[in-house]
Protein chains: 2
Amino acid sequence: MSNSLDRALRERAMKVVPGGMWGHMHAKDLPEGYPQYFARAEGTKLWDVDGNEYLDFMCSWGPIILGHHHPEVDAAAFAQYQRGDAMNGPAEAMVELAELMVELIPHADWAQFEKNGTDATTTAATIARAGTGRRKILVANGAYHGAVPWCSPSLIGVTAEDRAHILTYDYNDIESLNAAVAKADGDLAGIIVSAFKHDYGKDQQLPTVEFATAARAAADDADAALIVDDVRAGFRLSLGGSWERVGVQPDLAAWSKSIANGFPLAAVTGNDRFRAATQSIFTTGSFWCGAMSMAAAVATLSILRRDDAIAHMERMGTLLREGLASLSATYDIPIRQTGPVQMPLMLFDDDADARKGFAFCSAAIKAGVYFHPLHNMFLSAAHTPGDIARALEAAELGFRSVRALTPATA
Amino acid sequence: MSNSLDRALRERAMKVVPGGMWGHMHAKDLPEGYPQYFARAEGTKLWDVDGNEYLDFMCSWGPIILGHHHPEVDAAAFAQYQRGDAMNGPAEAMVELAELMVELIPHADWAQFEKNGTDATTTAATIARAGTGRRKILVANGAYHGAVPWCSPSLIGVTAEDRAHILTYDYNDIESLNAAVAKADGDLAGIIVSAFKHDYGKDQQLPTVEFATAARAAADDADAALIVDDVRAGFRLSLGGSWERVGVQPDLAAWSKSIANGFPLAAVTGNDRFRAATQSIFTTGSFWCGAMSMAAAVATLSILRRDDAIAHMERMGTLLREGLASLSATYDIPIRQTGPVQMPLMLFDDDADARKGFAFCSAAIKAGVYFHPLHNMFLSAAHTPGDIARALEAAELGFRSVRALTPATA
């Protein structure tokens with residue numbers, strides 16, 4: 001497994017990009033053996049610049065939901081590009097996409113489009129403030145809602161005032177949510193909840209029905225907005241929004257990542273209660289009306305519905321989860337698998353420094369399977385039972401590698 | 001000139017998009033006769049959904065700098081897409097683009113990429129704060145630096161704390177700049193300056209050498225960052241950054257719009273003084289490593305350099321400016337043309353309500369030429385002397401329309 005071209009690019013990048021790379025795709029946070037630079041992608045496969053092939057379980061950290069280069073999505077996107085993409089206004093695809101989202105998503109009376117997930121969460125918070133005339137936004141401790149000062153996981157370059165109206169609660173903890181509402185002291189604009197708890201390196205938690213119901217009630221009692229951040233999970237758990245599964249409708253939701261199978265796009269949807277507020281705020285971006293991404297999104301969402309793709313991802317995710325559980329039992333190495341099966345996270349017991357997780361992933365990547373040790377992974381509609389079988393073979397090498405690390409426990 | 005399909009789309013959109021549209025591309029802010037929806041674009045031409053053809057002078061509000069569907073840009077972008085776009089990390093194109101920007105832009109020791117102009121300005125402000133450990137950012141009154149709470153032109157949904165560390169000065173006014181620095185009282189992180197003053201509906205002003213030099217000195221004296229917001233003007237005035245023309249190098253610059261001829265991309269460039277600060281902050285986005293836009297940017301910047309495209313845009317802009325001045329004299333209707341010729345703005349004297357500007361543009365759009373009455377316009381490298389001649393014919397109809405509005409002044 002050569003990596004000389006990857007190393008050469010990293011050296012070139014060190015000169016012209018601070019730290020060689022930024023953000024969540026920086027390979028410095030990944031186990032030994034992971035490439036930084038990719039040359040090619042097709043279906044569920046990726047090739048790095050040295051030609052090494054990987055069966056992928058990150059799906060570009062979410063965007064790829066139908067597999068790379070889905071022919072129908074690409075055809076729709078490029079037909080639109082050949083007509084026009086960035087023009088002096090939107091194309092018909094914008095209306096089609098908004099209509100489709102209103103049709104698919106029960107709470108949505110309208111949609112509006114952006115480019116980043118952070119654009120969508122920031123816009124939703126601004127709408128909540130505009131609509132209520134109040135200021136406080138509740139966010140869960142440890143939740144990721146974007147990478148700008150009001151929500152960034154880092155405080156470097158962030159001022160105290162950027163967070164002046166952010167109050168926190170613990171996910172799935174009704175008491176802490178109500179305490180945060182009380183702390184807002186009549187100034188509550190909105191409550192942001194992740195689709196489920198998917199904090200980096202922690203066991204995932206689906207929302208309980210009780211918590212979701214309490215969050216809805218707390219927003220209603222305070223006449224505030226309930227905002228579901230569906231950027232990461234959107235369209236993988238339910239085409240109608242992830243809180244469909246717990247029977248709760250938000251007022252506003254933020255979408256991005258998988259909405260257009262890799263083409264850059266984000267969206268906010270909302271109900272009529274926040275329509276006027278949305279119209280009242282100013283938000284815009286140079287590329288937000290780009291028609292290629294919108295045509296790709298119409299195709300992506302249509303295919304997800306037609307092919308019942310979520311059920312397929314659940315079946316593949318269940319196969320993977322059951323296979324990993326079985327290997328864990330065989331090797332007597334306890335693991336925790338949490339969250340929805342189509343967004344898998346596997347953490348090892350007694351692994352605070354992630355030594356086991358890294359050893360597992362290093363072995364798998366050498367066997368050509370791209371897992372992540374700490375961030376939830378993503379399945380796509382392109383994953384097949386054969387892919388899962390191959391992934392489990394690599395996982396077995398991973399478990400052996402973990403066994404080699406630690407004294408035998410059997 | 002039919003507009004029935006445009007009207008039908010506007011009606012559909014009113015149901016599923018708040019206000020039917022958002023942001024700077026909303027046709028409600030444009031004169032009568034302007035379409036909202038576009039079907040096709042090629043070179044310097046646009047077609048609306050009803051098939052009406054326009055010779056375009058907005059270039060998608062900036063992004064289109066080589067004309068729509070420049071064959072070399074499209075070929076580079078699609079070759080990259082066919083290999084891979086949104087992958088688990090960047091492609092080699094990211095390194096190539098950073099190297100090219102470092103080569104072209106004198107202040108740039110490094111580059112980092114985003115999707116929106118607002119991402120770039122926000123990142124630059126965060127880097128300035130991280131690098132200095134201070135908080136205040138100086139912005140010019142009336143300047144546009146993006147559409148999020150810290151810089152949005154609207155205060156709806158924005159809290160006072162979002163602006164707590166923003167201080168203002170008047171563009172090209174050294175005294176007001178120094179007063180703002182004094183007001184920062186030792187807490188100055190950065191001074192943001194637009195490439196030139198291009199506030200909506202106001203006469204444009206190029207920076208004076210004295211002002212630019214004073215801004216550089218003020219930043220140096222305070223050990224703060226000088227940040228040029230080159231989002232709107234970047235690569236149209238100078239490939240090395242717009243303040244090249246006044247002989248001043250910033251510490252940081254924000255780029256977007258024309259960087260990839262319409263493909264969505266933004267960038268921050270900076271000098272080594274801010275390299276470590278840039279590495280220290282957390283900023284990221286799901287699509288920021290998308291390789292198609294980066295390949296498009298490498299092609300766009302390479303072609304701009306090879307073809308000496310800025311000189312061509314200046315020649316075409318000069319033809320347009322001289323032609324408009326001549327028409328103004330012929331019809332004895334005084335106008336003001338300000339700013340760089342390749343980003344033209346024409347305002348009528350005694351036109352506070354823009355009645356003349358709207359009448360002018362309405363006449364031109366009916367003649368198939370897409371001008372803007374209040375926002376600066378954009379030329380591209382695709383504009384030809386024939387295009388300018390055609391534009392001037394439409395402009396003559398515009399002047400006649402203005403003459404019909406007002407009592408004869410001669």
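This is a predicted model: local features need pLDDT of at least 70, side-chain atom pairs count only at pLDDT 80 or more; totals for chains, interfaces and linings use all residues.
Helices (H or I, at least four residues) and strands (E, at least two) are DSSP runs, numbered from the N terminus. Axes are lines fitted to C-alpha atoms, for helices over the stretch in contact, and angles run from 0 to 180 degrees between N-to-C directions. Contact means heavy atoms within 4.5 Å.

## The sheet

Strands of a sheet pair through backbone hydrogen bonds, either parallel or antiparallel. In chain B, seven strands make an open sheet with mixed pairing, in the order 4-10-9-8-7-5-6; two strands pair if DSSP finds at least two bridges between them. Strand 4 (110-114) and strand 6 (166-169) of chain B are the edge strands, each pairing on one side only. From one strand to the next, the twist averages 20 degrees.

Strand 5 (residues 136-140) and strand 6 of chain B run parallel and are joined by four bridges. B:Ile137 has B:Ile166 in strand 6 as its bridge partner.

## The two chains

Chain B is superposed on chain A by a rotation of 180 degrees with 0.0 Å of shift along its axis (RMSD 0.0 Å), which is the relation of a two-fold axis. The C-alpha of B:Glu161 is the nearest to the axis in chain B, 2.6 Å from it. Copies are superposed by least squares on the C-alpha atoms of residues with pLDDT of at least 70 in both.

Of the interface residues of chain B, 100% are also interface residues in chain A, so the copies meet through the same surface.

## Conventions

Residues are numbered from 1 along each chain as its sequence is written, chains are lettered from A and ligands numbered from 1 in the order in which they are written. Local features need pLDDT of at least 70, side-chain atom pairs count only at pLDDT 80 or more, and totals for chains, interfaces and linings use all residues, while side-chain values use heavy atoms, with hydrogens and water left out.
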